[in-house]
Amino acid sequence: MKRSRINDIMAAADEMIRHHGFALPPFAYWSPDEFKARAASASRVIGARCGWDITDYGEGRFDEMGLFLFTLRNGSLSDLQRGGGMCYAEKLLISRQDQLSPMHSHILKAEDIINRGGATLVVELYGSDDQGRFAEDRGGLVRCDGIDRPYGPGDKLKLAPGESVTLMPGDWHAFWGEGGDVLIGEVSTVNDDLTDNIFREPIGRFAEIEEDVGPTHLLVSDYDRWLG
């Protein structure tokens, strides 16, 4: 993806988030130079990989297959492993109309996916085999707004604004906006996008970036290179 396109997506996402009554934290608006200057005090933000995240899954077709994310807060794996402390994470996502977030599952993360506003969010579901692999002939059980609901392989949940689904490790899922763009909330256990996204197809989690202009704000995938 071109950096200029990423900058435009950030601006449009910020506008949509504000339209729905949410506001991003102050560090969202730091310039790259300001982030460098404040890296020591922001070590928790950097280490937890909080911030902007825009991906086309390495396929170069963002409008057809992609996702906007902003990680607001993220706990630590060590706390999760010992069973106490900051064991949770929270994100805002934007799924555009007919923009696929491809079929994937998680090994550790349980998550609530919440339609925070906009159009309908469609979530396609499949179950796992005994080794946790994608199983095209298996369903499972999810919780929708506190109510248990069985699903068959390939069932599609349609979540209106305010509705949610709880997904556990081994619930394979893909999602997209239907009838328009959707602002999504994600509340989960500790999030690790480097190792805990298992895709059905061999695709990447992060975009490859062409630096045609400078970044307005850094992506989480920029932190290692820009901030050391």
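Q: Which residue forms a salt bridge with E124?
A: In this predicted model, local features need pLDDT of at least 70, side-chain atom pairs count only at pLDDT 80 or more, and totals for chains, interfaces and linings use all residues. Residues are numbered from 1 along each chain as its sequence is written, and side-chain values use heavy atoms, with hydrogens and water left out. A salt bridge here is a side-chain nitrogen of Lys or Arg within 4 Å of a carboxyl oxygen of Asp or Glu. With its closest N and O atoms 3.8 Å apart, the pair meets this definition, and the partner of E124 is K156.

Q: How many residues apart are E124 and K156?
A: E124 lies in strand β5 (residues 111–128) and K156 in strand β9 (residues 155–159); strands are DSSP runs (E, at least two residues), numbered from the N terminus.

Q: Is E124 buried or exposed?
A: Buried means under 20% relative accessible area, exposed over 50%, and partly exposed in between (1.4 Å probe, protein chains only). K156 has 44% and is partly exposed. E124 has a relative accessible area of 16%, so E124 is buried.

Q: Which residue meets K109 in a salt bridge, and is K109 buried or exposed?
A: The N to O distance in this pair is 3.6 Å, and the partner is E111. E111 has 3% relative accessibility and is buried. K109 also has 3% relative accessibility, so K109 counts as buried.

Q: Is D130 buried or exposed?
A: The side chains of D130 and R138 meet in a salt bridge at 3.2 Å, N to O. R138 has a relative accessible area of 35% and is partly exposed. D130 has 67% relative accessibility, so D130 counts as exposed.

Q: How many salt bridges are found in the whole structure?
A: Those of E124 with K156, K109 with E111 and D130 with R138 have been described above. A search of the whole structure gives 20.

Technical notes
Helix = DSSP H or I, 4+ residues; strand = E, 2+ residues; numbered from the N terminus.
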